[in-house]
Amino acid sequence: MRIVFIFILLHMMLGDINKIARVNKLKKAAASAYANGDYATAISTFKTLTDSMGINDDAVLINLANAFYLTQDTSRAIQYYARVLGSDQANLRSSAYQQIGVILQQQNKLKEALNNFKLALKSDPGNEDARYNYELLKKILDEQQQQQEDENEDIKPSEYARKLKQQADNLAAQNMFAQALQIMQMGLKEDETVAAYNQFISKLNDVVESQQ
């Protein structure tokens, strides 16, 4: 029985060694394809590691996400970047947040992009690319808000708009920010002069998003 046990143990050890060798070979092949700009091959090889061999390596996942991004498959890129957001490696976690921010900015989802750049900096304050993206996008959003405020100064709220604002103020005072936001957004559809309170609506939206 002891001989059989030793044989089984040796067989398992050899199997592990062979798997490690294959994993390392695939990683090297994927990295080479990626470096040479052959992203299709890199994706295929990385996915063999993650899907077929069960490798949950954050460096592999983020390189796979980068390859998808470089082939303009942003939905799959975000899918794999998201899997790195819980990484215990701050630089990889930061890079994943940053790249999600870049994609969201390209999709004109500017506030969401800004939040991801902020999270990238929180994960790794030394991420200078994320810092540059954050500061630049923050400046763009501040300028847009200022322009909107200037335009809103010319809008005279109707009696309906003023009553709606009062209702929203009462709800906000009770910390019912989502309900306040909802009635203001519905009011915009009924009366365009509710836009005079766009700054208030924007602040409500920021509060609601921060609570999610």
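**Close-up views of salt bridges and a pocket**

**View 1. The salt bridge between Asp 73 and Arg 76.** In this predicted model, Asp 73 and Arg 76 form a salt bridge whose closest N and O atoms are 3.8 Å apart. A salt bridge here is a side-chain nitrogen of Lys or Arg within 4 Å of a carboxyl oxygen of Asp or Glu. Asp 73 is partly exposed at 22% relative accessibility, and Arg 76 is partly exposed with a relative accessible area of 42%. Buried means under 20% relative accessible area, exposed over 50%, and partly exposed in between (1.4 Å probe, protein chains only). By the salt-bridge rule, the count comes to eight.

Residues are numbered from 1 along each chain as its sequence is written, and side-chain values use heavy atoms, with hydrogens and water left out. Because the model is predicted, local features need pLDDT of at least 70 and side-chain atom pairs count only at pLDDT 80 or more, while totals for chains, interfaces and linings use all residues.

**View 2. The salt bridge between Lys 47 and Asp 51.** The side chains of Lys 47 and Asp 51 form a salt bridge at 2.8 Å, N to O. Both residues lie in helix α2, four residues apart, about one turn of the helix. Helices (H or I, at least four residues) and strands (E, at least two) are DSSP runs, numbered from the N terminus. Lys 47 is partly exposed at 24% relative accessibility, and Asp 51 is partly exposed at 47%.

**View 3. The salt bridge between Asp 57 and Lys 27.** The closest N and O atoms of Asp 57 and Lys 27 are 3.1 Å apart in this salt bridge. The pair links distant parts of the chain, 30 residues apart: Asp 57 is in the loop between α2 (39-52) and α3 (58-70), and Lys 27 is in helix α1 (residues 2-35). Asp 57 is partly exposed, with a relative accessible area of 26%, as is Lys 27, with 28%.

**View 4. The largest pocket.** The largest pocket has a volume of about 790 Å³. On a 1 Å grid over the protein atoms alone, a pocket is an open set of points with protein on both sides within 12 Å along at least five of seven lines, and lining residues have an atom within 4 Å of a point. Of the 22 lining residues, the closest to the pocket centre are Lys 111, Leu 114, Leu 141, Ser 202 and Asp 206. Helix α10 gives the most to the lining, with eight residues.

Conventions: On a 1 Å grid over the protein atoms alone, a cavity is a set of points where a 1.4 Å probe fits but cannot get out, and a pocket is an open set with protein on both sides within 12 Å along at least five of seven lines; lining residues have an atom within 4 Å of a point. Grid points are joined across faces, edges and corners, and a volume is the space filled by probe spheres set on the points.
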